[in-house]
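Welcome! Have a look at the sequence and the model, and then read on.

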Amino acid sequence: MTKRAFLFAGQGAQKLGMASDLYATYPVVKETFDTASRILGYDLRELIDSNEEKLNQTRYTQPAILTTSVAIYRLLAENGITPDIVAGLSLGEYSALVAAGALPFEDAVALVAKRGEFMETAAPAGSGKMVAVMNTDPSLIEEICQQASEKGVVTPANYNTPAQIVIGGEVAAVDYAVELLQEAGAKRLIPLNVSGPFHTALLESASQKLAAELKKVSFNDFNLPLVGNTEATIMKLEDVKALLARQVKEPVRFYDSIATIQDFGVDEVIEIGPGKVLSGFLKKIDKTLPTHNVEDQASLDALLNA
């Protein structure tokens with residue numbers, strides 16, 4: 001028996017027209033989008049197909065990626081492809097919660113629309129920056145961020161792979177950290193085109209508003225294990241609300257999460273949602289783990305025929 005992990009895409013993977021071919025072909029996909037549009041009060045499918053500017057605004061990006069991911073998840077389930085364990089990158093954790101049976105899709109859509117709004121207003125575009133630091137020892141990066149924090153907020157935000165760690169925070173502090181990292185021998189530092197310094201202390205107000213919102217939401221028992229971003233361990237029902245509130249302002253521990261999934265003994269990983277970002281990280285973490293992604297008809301066919 002194949003043991004399978006599903007990984008759900010995060011923000012930044014969105015693209016115009018994502019999953020439009022699946023929407024046109026499969027009733028379950030159309031139904032998922034129609035439900036989301038009803039809850040959101042606008043035509044989500046139309047926005048994804050024709051409004052790139054809005055699609056890249058956090059408050060719209062988040063429900064768009066969640067809906068695309070859950071629609072694909074449901075389509076795979078219809079084809080008898082289901083996970084034994086799930087995880088998601090940041091926003092993708094909400095798709096994972098739906099897949100694990102812990103959060104109804106309708107509640108997830110309403111919640112991430114608010115989460116996107118809180119994150120967008122907590123860190124308006126241009127208020128901070130994020131830089132990917134390549135091939136540099138994580139403890140050196142942490143040390144330098146601490147040093148640079150005399151200029152403001154700067155911390156590791158995403159531990160993507162052992163060789164790619166993203167730092168984020170206030171512009172002056174991040175720039176100073178970059179300078180210090182270069183002096184310490186870091187060769188590749190890549191500024192990221194993101195809408196805000198997510199997963200840093202600058203998101204404190206979003207975290208507080210989200211915590212208040214989460215009080216109104218009921219979570220169900222998990223049908224299958226979910227590895228959370230914040231602690232890279234299998235989530236317990238009683239911790240879900242606190243972890244989701246912390247998650248927006250604390251680093252995403254992706255490669256540690258993959259280690260937890262590997263310990264679970266999976267033979268195959270399927271990335272669900274737009275793009276192949278997580279598949280790319282996985283190849284850097286463990287080349288031997290068979291990985292597929294499903295985002296459109298071609299990639300669905302490739303998986304079904306594998």
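In this report, two residues are in contact when their heavy atoms lie within 4.5 Å. With that in mind, valine 171 touches Gly126, Ser127, Gly128 and Lys129, leaving out residues up to four places away in sequence. Before going further, please note that this is a predicted model, in which local features need pLDDT of at least 70, side-chain atom pairs count only at pLDDT 80 or more, and totals for chains, interfaces and linings use all residues. Residues are numbered from 1 along each chain as its sequence is written, and side-chain values use heavy atoms, with hydrogens and water left out.

**Around valine 171**

Valine 171 belongs to helix H9; helices (H or I, at least four residues) and strands (E, at least two) are DSSP runs, numbered from the N terminus. The C-alpha atoms of valine 171 and glycine 128 are 5.0 Å apart in space, although 43 residues separate the two in sequence. Is valine 171 buried or partly exposed? Its relative accessible area is 33%, so valine 171 is partly exposed. Here buried means under 20% relative accessible area, exposed means over 50%, and partly exposed is in between (1.4 Å probe, protein chains only).

Aspartate 175 pairs with lysine 129, with 2.8 Å between the closest N and O atoms. Because aspartate 175 lies in helix H9 (residues 171-183) and lysine 129 in strand E3 (residues 129-134), the pair ties together parts that are 46 residues apart in sequence.

How many salt bridges does the structure hold? There are 11 salt bridges in the structure. One of them joins glutamate 295 to lysine 15, with the closest N and O atoms 2.9 Å apart. Glutamate 295 sits in the loop between strand E10 (291-294) and helix H14 (297-304), and lysine 15 in the loop between strand E1 (4-8) and H1, so this pair ties together parts that are 280 residues apart in sequence.

Another pair, aspartate 34 and lysine 30, meets in a salt bridge at 2.9 Å, N to O. Both of these residues lie in helix H2, four residues apart, or about one turn of the helix. An α-helix has 3.6 residues a turn, so residues three or four places apart point the same way. Lys114, Glu213 and Lys216 are linked in a network of salt bridges.

The table shows how accessible the partners in the three pairs are.

| Residue | Relative accessibility | Class |
|---|---|---|
| Glutamate 295 | 13% | buried |
| Lysine 15 | 37% | partly exposed |
| Aspartate 34 | 34% | partly exposed |
| Lysine 30 | 38% | partly exposed |
| Aspartate 175 | 33% | partly exposed |
| Lysine 129 | 25% | partly exposed |

**Helix H2 and its cover**

Helix H2 (residues 27-40) has 14 residues and reaches 20 Å from its first C-alpha to its last, close to the 20 Å expected at 1.5 Å a residue. That expected span is 1.5 Å times one less than the number of residues. Among the buried residues of H2 are Val28, Val29, Phe33 and Leu40. Their cover includes helix H1 (20-25), helix H3 (44-50), helix H5 (58-78) and helix H7 (105-122). Just after H2, glycine 41 takes a positive phi of about 85°.

Serine 90 has a phi of about 55° and is buried at 11%.

**The cores**

A nonpolar core is a set of buried Ala, Val, Leu, Ile, Met, Phe, Trp, Tyr and Cys residues joined through side-chain atoms within 4.5 Å. The largest one has 64 residues, and Phe6, Leu76, Val86 and Leu97 have the most contacts inside it. H5 gives the largest share of this core, 10 residues. A second, separate core of 20 residues includes Ile167, Tyr176, Ala177 and Leu180.

Leaving aside neighbours within four places in sequence, leucine 97 is in contact with residues including Phe219, Val240 and Leu244. Val240 and Leu244 are among the buried residues of helix H11 (residues 240-247), whose cover includes helix H6 (92-99), H7 and H10.

Key
A salt bridge is a side-chain nitrogen of Lys or Arg within 4 Å of a carboxyl oxygen of Asp or Glu.
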